[in-house]
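Start with the structure itself.

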Amino acid sequence: MRINGTPHSMTIDNRTTLLDVLRERLGLTGSKKGCDHGQCGACTVLLDGERVNSCLMFAVTAEDREIVSIEGVADLADGEALHPVQRAFLDHDGLQCGYCTPGQICSAIGALGEAGRGWPSHVTEDIAAGVADASALDAREVRERMSGNLCRCGAYNGIVEAVLEAAGAQGPQDTATAATSAAGGAR
Amino acid sequence: MKEFTYARAGDAAEAAALIADRPDAVYLGGGTNLVDLMKLGVTGPGLLVDVSRLPYDRIEHRDDGSVLIGATVRNGDLAGDPGIRARFPLLAQALLAGASGQLRTVATVGGNLLQRTRCGYFQDVTKPCNKREPGTGCPAIQGAHRDLAVLGTSGHCVASHPSDMAVALVALDAVAHVRSVDGGSRTVPVAELYLLPGDTPHKETVLDHGDLITAVELPPPPHGARMRYRKVRDRWSYAFALVSVATSVSVADDGSLRDVRIALGGVAPRPWRARVAEERLRGGRPDEEALREAARAELADARPLPDNAFKVDLAIDLIVAGVRDLVARKDRA
C-alpha cells in the first residue's frame with residue numbers, strides 16, 4: 001500500500017491492524033491508539049481520501065490502497081508547511097494535551113470532503129438538499145459531523161472554531177452559534 | 001486474537017468456493033463490527049473471506065421507481081446518494097443517525113444488516129451468554145438490561161438489534177438478495193431475515209452457511225409518502241438507539257391514512273415492524289386517541305424488565321408522534 005505517498009511492501013500477520021502497521025512497523029506514531037475499538041477516533045486516518053478508524057481495519061484489507069496519516073496531511077496542501085486544518089487548530093487552540101489531535105485533524109479533513117460533496121448530516125434540515133459545500137457548515141453541523149472523535153481535555157469549542165475556519169465558514173456568526181451550542185450541551 | 005487465514009474473493013463464485021467447506025469461515029465486509037468482536041474474542045473465525053471488493057458497489061435507480069443497492073455500498077455513500085435522499089429520506093436519515101463519519105465510510109450495507117447485538121454480556125467473554133455460548137444462561141435478565149429488548153424476547157435472551165439502517169429498510173419493505181454457495185439466488189424480505197431468540201438465541205438469521213447478501217432492493221415508495229426516522233438516545237450523537245421509529249404515511253384527501261408503515265428500533269432482537277398498529281390505523285383518521293390506542297396495542301405483548309420498562313412508554317410516544325407529525329407536515333406531500 002501507499003502510505004503518505006510512499007509505496008510500502010511488507011509481509012505481516014493477518015491480525016495486524018492498519019493502526020499497528022503505522023505505529024509499530026513504520027514508526028508513524030502520530031495516529032494514536034485510544035480505545036482500540038472504534039469509539040474514540042484517535043486512530044483516524046484517510047483511506048483513498050476518506051476518513052476511517054485504522055484500529056478497526058486489518059492492514060491486509062488495505063492492500064493497494066492509499067493511506068494518509070497525520071504525518072502526510074501537510075503534503076495534501078500544495079507547498080504548504082501545514083495543512084489548512086492543522087493551521088486552524090493552532091490558531092484556535094483546538095487542543096490541550098494533543099493526544100486526540102491527529103485523529104481530529106484527519107477526521108476534519110474527511111468531514112470537509114463529505115460536506116464538499118454536498119452530503120447532509122443527521123442535523124441537516126433538508127436531507128434532499130444537503131449542504132451547498134463545506135463553507136455552508138455551522139457549529140451544529142460541525143459538532144455532529146465530528147462526533148466520532150472524542151477529546152478528554154474538552155477542547156471542543158476550539159476544535160469547532162478551527163474546523164469552521166478551515167471550512168471557509170464566515171466567522172462571528174458561527175462563533176456565536178458555537179457558544180450557544182456549548183451552553184446547550186451543558187444543560 | 002486467534003490466528004486466521006485471510007482470502008480476498010474476486011467474485012461471488014470464488015467467495016462461495018472459499019467458504020463452502022469451511023464451517024469456521026465467515027465473510028468480511030467493512031469489518032467495523034467483526035474486527036472488534038475478534039479483538040474481544042467473541043468470535044474467532046479460522047478463515048476470513050473478504051467480500052468488501054466484490055462488484056456490488058452500485059446504487060441502481062430503476063425506471064419503475066425501485067432501487068437496487070449493492071451489498072458492498074458503504075453506509076456513507078448510500079446516505080449521500082442524491083436519489084436516496086430525495087425519494088427515501090427515511091433511509092438516509094437512519095444511516096446518518098447511526099455510528100460516526102469514520103464508521104460510515106467503511107461499513108457496508110450487507111455488514112450493517114448482519115452486525116451483532118451490543119449487549120454487554122455478549123461482548124464480554126468472561127460472562128455467560130446463551131447467544132455466544134448456548135446453554136450458559138443470560139445474566140442480562142437479572143443484570144444490566146437497560147439498553148436491551150422489550151419485544152420478541154425469550155427467557156434465554158433479551159438482546160436488541162443495534163442497526164438503524166435495518167429499521168428504515170423494514171419500514172420500506174426492502175428485500176435482500178441472497179446468493180447461496182451452490183450459485184442459486186433467492187430473495188428474503190429484510191423483515192423476515194432475522195429470527196427471534198426463542199430457545200436458540202445463537203441462531204440469528206434465516207441465512208445458511210455461505211449465503212451471501214449481494215444487494216438490497218427497495219420497492220418504489222408509496223405514492224405521496226412522507227417519511228421520517230426519529231431516534232432517541234442517551235446523547236445527541238454517536239450512540240445506539242434507546243428507541244427509534246421509522247414512519248412513512250400517505251394521507252388521502254379526506255384526511256384518512258391511505259398508507260402507513262411503522263418500524264421500531266432498539267426494542268427487539270430484530271427491527272420491529274409495527275404491523276398491529278399499522279392495521280389499526282390504515283384507512284382511519286389519525287387523531288390522537290386512535291394513534292395512542294394503536295401504539296398501545298403494538299406494545300401490548302411487551303415483556304419489559306425493571307430497568308427498560310421506560311422503553312414501552314417511549315415506543316408508544318414515538319409511534320404516536322411519528323405519525324402525527326408527518327400528517328401535520330405540509331411540505332413534500
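In this predicted model, 25 residues of chain B and 31 residues of chain A make up the contact between the two chains.

What is the make-up of the side of chain B that touches chain A, by class? The count is 12 nonpolar, 10 polar and three charged residues.

Next, confidence. The predictor assigns the complex an ipTM of 0.96 and a pTM of 0.95. For chain B, the mean pLDDT is 97. In that chain, 99% of residues reach 70 or more.

Now the sheet in chain A. Five strands form an open sheet with mixed pairing. Their order is β2-β1-β5-β3-β4. Which strands of chain A sit at the edges? They are β2 (6-7) and β4 (50-53), and each pairs on one side only.

One pairing can be followed to the residue. Strand β3 of chain A covers residues 44-47, and four bridges join it to β4(A). The two strands run antiparallel. A:Thr44 has A:Asn53 as its bridge partner in β4(A).

A helix lies across this pair. Helix α3 of chain A, residues 101-116, lies across β3 and β4 of chain A. The helix runs at about 40° to β3(A).

Technical notes:
Residues are numbered from 1 along each chain as its sequence is written. Chains are lettered from A and ligands numbered from 1 in the order in which they are written. This is a predicted model: local features need pLDDT of at least 70, side-chain atom pairs count only at pLDDT 80 or more; totals for chains, interfaces and linings use all residues. pLDDT is the predictor's confidence in each residue, from 0 to 100. Two residues are in contact if their C-beta atoms, placed from the backbone, lie within 7 Å. Ala, Val, Leu, Ile, Met, Phe, Trp, Tyr, Cys and Pro count as nonpolar, Asp, Glu, Lys and Arg as charged, and the others, Gly among them, as polar. Two strands pair if DSSP finds at least two bridges between them. Axes are lines fitted to C-alpha atoms, for helices over the stretch in contact, and angles run from 0 to 180 degrees between N-to-C directions.
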